[in-house]
Amino acid sequence: MKLYKYCHADCGPCNGRGDDNCISCNEGKFLYNNQCVSDCQTVGNLFGDPVTRQCIKCNIKECKDCSGENLCGTCNDNFYNHKQKECLTNCPDNYFKNTNKMTCDDCHESCGTCSSAAKTA
């Protein structure tokens, strides 16, 4: 593979002059389909790996905003975020649907099922 001396400003080394010929990216950019992007989420359900400086696919189904390979910030519409590890339509036992935050939140420790975090007698 021939490396070019003059690359697009966002590229590290490249194999052509265009912005779609990058082999790696300069600081603050991530490689996606041989191009350097600032935010991997703008090109799909991806996150920017700070070590490899590449856009990597999120492994969590129904995740809208992935902040790591197995870490979801926000789930797709009508899904509840459970401990940032999965997106569910129903929360598991000992958790309730927090419809304001769209998360599965802990029930009070004395409850098995609940509709809020409050303890009621």
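Analyst: A residue is called buried under 20% relative accessible area, exposed over 50% and partly exposed in between, with a 1.4 Å probe and protein chains only. The structure is a predicted model, in which local features need pLDDT of at least 70 and side-chain atom pairs pLDDT 80 or more, while totals for chains, interfaces and linings use all residues. Residues are numbered from 1 along each chain as its sequence is written, and side-chain values use heavy atoms, leaving out hydrogens and water.

User: What makes the pair Cys 107 and Cys 114 a disulfide?

Analyst: The term requires two cysteine sulfur atoms within 2.5 Å. The sulfur atoms of Cys 107 and Cys 114 are 2.0 Å apart, and the pair is therefore a disulfide. Its S-S torsion is -90 degrees, a left-handed link. By this rule the count comes to nine disulfides.

User: Why is Cys 114 called partly exposed, and why is Cys 107 called buried?

Analyst: Cys 114 has 22% relative accessibility and so falls in the intermediate class. Cys 107, at 10%, is therefore buried.

User: Why is the disulfide of Cys 25 and Cys 36 called left-handed, and which parts does the pair tie together?

Analyst: The S-S torsion is about -95 degrees, so the disulfide is left-handed. Cys 25 lies in the segment before strand S1 (30–32) and Cys 36 in strand S2 (residues 35–37), so the pair ties together parts 11 residues apart in sequence. Strands here are DSSP runs of E, at least two residues, numbered from the N terminus. Both Cys 25 and Cys 36 are buried.

User: What makes a set of residues a nonpolar core, and which residues form the largest one?

Analyst: Such a core consists of buried Ala, Val, Leu, Ile, Met, Phe, Trp, Tyr and Cys residues joined through side-chain atoms within 4.5 Å. The largest has nine residues, among them Phe 47, Cys 58, Ile 60 and Phe 79. Strands S5 (63–68) and S6 (71–75) each supply at least two of its residues.

User: Why is Lys 83 called exposed, and where does this residue lie?

Analyst: Its relative accessibility is 52%, so Lys 83 counts as exposed. Lys 83 sits in the loop between strand S7 (80–82) and strand S8 (86–88). Although not a glycine, Lys 83 has a positive phi of about 55 degrees.

Terms used: Helices (H or I, at least four residues) and strands (E, at least two) are DSSP runs, numbered from the N terminus.
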